[in-house]
Amino acid sequence: MKVLLVNGSPHKEGCTYTALTEAASALEKNGVKTEMIWLGTGEIAGCIGCGACAGERGCFRRDVVNEFVSKAGEADGYIFGSPVHYAAASGAITSFMDRAFYSGGKEMAGKPGAVVVSCRRGGASAAFDQLNKYFTINGMPIVSSQYWNQVHGTNPEEVRRDEEGMQTMRTLGNNMAWLIKCIRAGREQGIEFPEREPVLRTNFI
């Protein structure tokens, strides 16, 4: 069992990383392996809707998106973390998730997903809602915690002092481990993810 965590902050070991690490620690204690991917500080281009990824494994841009998609199929769950920028997710993780889900959504469908957001003070719930929509369009169970998955602080030390936030991260990790194990147990009893109908698209004209 393995969970991929994505750090969408430009700060490699900042507030978002601190939150993700706390969730990862809980997962590890539950026997679930974790791997964290940092998006870095370079450019992550947005999706241009070219459709080149159709029938391929990944996007034509050979960057961190393809690195993630190449590993996504082997993972049992995913946690995406982002700082809050102007009451929204970071531009980097938004571009990343647009392309990752468009080119590799089939690798994640039916598997648990969760979002973690980090902010100084406000805007966390708006960013949280924004990122959860990727899961609901891709048939993925959303893993909840005891509160919305957010931490507060301007640096890792302050985040660690957010005791409720840290507990929320641990509960998230515990809940994700539990759900992954439930899905595995169901599969062992012959319960598979529902077969999907061919997608119907209705344009509003």
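Predicted model: local features only at pLDDT ≥ 70, side-chain atom pairs only at ≥ 80, totals over all residues.
Residues are numbered from 1 along each chain as its sequence is written, and side-chain values use heavy atoms, with hydrogens and water left out.

Two strands are said to pair here if DSSP finds at least two bridges between them. E3 is also joined to strand E1 (residues 2-7), again in parallel, by five bridges; there Leu4 stands opposite Tyr78 in E3. Two residues lie between the strands in the hairpin of E3 and E4, where Tyr86 takes a positive phi near 55°.

How enclosed is strand E3 (residues 77-85) by the rest of the structure? Eight of its nine residues are buried, so E3 is largely enclosed. Buried means under 20% relative accessible area, with exposed over 50% and partly exposed in between, using a 1.4 Å probe and protein chains only. For the chain as a whole, 45% of the 205 residues count as buried.

Now let us step back to the whole fold. The chain has six helices and six strands, in the order β-α-β-α-β-β-α-β-α-β-α-α along the sequence. These elements are DSSP runs numbered from the N terminus: helices are H or I with at least four residues, strands are E with at least two. Of the contacts (heavy atoms within 4.5 Å) with a separation of 6 or more, 77% are between residues 24 or more positions apart.

As for overall dimensions, the C-alpha trace spans about 50 × 45 × 35 Å along its principal axes. The radius of gyration is 17 Å, which agrees with the value near 17 Å for a compact globule of 205 residues. That radius is taken over C-alpha atoms, and the globule rule is 2.2 Å times the number of residues to the power 0.38.
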